[in-house]
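Open the model in your viewer and switch to a cartoon view. The stops below go from strand pairing to helix packing, then to a loop residue.

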Amino acid sequence: MEKYKELRRECYEANQLLPKLGLVLFSFGNVSAFDREAGVFAIKPVGVDYAAMQWEDIVVVDLDNQVVEGRLDPAPDARIHSVLYKSFPGIGGIVHTHSTYAVAWAQAQRDVPLYGTTHANHLAVPIPCTEIMADERIAGDYETETGYQIVDCLMARDLNYQNVPMILVAGHGPFTWGDYAANAVYNAKVLEKLCRMAAITEQLNSATPPLKAALVNRHYNRRHGRRTSFGQN
Ligand SMILES: [Zn+2]
């Protein structure tokens with residue numbers, strides 16, 4: 001009996017958006033979809049190319065990373081996703097890709113400056129990049145520690161996961177989240193676009209100032225002023 005068929009299909013559809021949006025190659029990256037009531041999430045299996053993937057390949061795991069449905073092994077990154085689902089109440093989907101411009105900023109170990117209104121429409125602060133991971137964390141439960149690296153970065157900067165639905169893990173790449181898997185995919189595409197725009201901006205003018213606060217606020221509040229993100233606020 002397939003109890004989580006719907007969740008697995010949602011996860012499958014969201015995963016298939018990644019190659020369509022030009023965000024992944026081969027089997028890179030993963031999307032998960034969370035059923036908060038059941039405390040389980042569906043995620044892409046390890047090492048299966050998007051082109052060959054069927055919804056039946058999608059695996060369901062609980063927040064202790066135990067498989068509860070599906071015949072394949074989950075992507076090892078499932079351990080990162082479970083940390084984020086436990087730490088960010090209300091999110092329903094997570095995306096990880098190695099999209100080119102987002103990875104470039106992560107490798108440069110830089111926050112993505114807020115240079116324009118496209119960025120301000122989505123978030124009112126630079127896109128954060130975590131610290132590079134410490135040796136103890138790398139040698140430990142690496143995927144779980146990557147999850148904590150993300151959580152710690154937002155906490156250290158007093159940023160809220162509801163207002164900042166995207167982050168770069170230094171030396172690695174982007175993670176995004178949203179109310180549903182499809183929103184997290186949308187944020188992954190927006191993030192890649194913002195990273196590309198910022199990189200080109202710096203090529204054209206390496207002394208570009210951050211966008212002035214009045215424009216940031218005008219654009220951010222126009223989009224988010226009355227929006228109740230994740231059913232809260
Ligand atoms: Zn990765």
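This is a predicted model. Start by selecting strand E7, residues 173–178, together with E6. The two run antiparallel and share four bridges. Show side chains at Ile 167 and Phe 175: Ile 167 stands opposite Phe 175, which belongs to E7.

Now color the whole sheet. It is open, has seven strands, and reads E4-E3-E2-E1-E5-E7-E6 in order, with antiparallel pairing. Go to the edges, where strand E4 (67–69) and strand E6 (166–169) stand. Each has a single partner strand, so one side of each lacks a neighbour in the sheet. From one strand to the next, the twist averages 25 degrees.

Next, select helix H2, residues 78–87, which packs on the sheet. Its contacts are with strand E1 (30–35), strand E2 (40–43), strand E3 (59–62), strand E5 (93–96) and E7. The directions of H2 and E2 make an angle of about 145 degrees.

Then pick helix H7, residues 181–204. H7 also packs on the sheet, touching E1, E5, E6 and E7. Its direction makes about 140 degrees with that of E7.

Last stop: Leu 63, in the loop between E3 and E4. Beyond residues up to four places away in sequence, Leu 63 touches Gly 39, Ser 82, Tyr 85 and Lys 86. Draw a distance from Leu 63 to Tyr 85: their C-alpha atoms are separated by 7.9 Å, with the two residues 22 apart along the chain.

Note on methods
Residues numbered from 1 in each chain as written. Predicted model: local features only at pLDDT ≥ 70, side-chain atom pairs only at ≥ 80, totals over all residues. Pairing = 2+ DSSP bridges. Axes fitted to C-alpha atoms, helices over the stretch in contact; angles between N-to-C directions. Contact = placed C-beta atoms within 7 Å.
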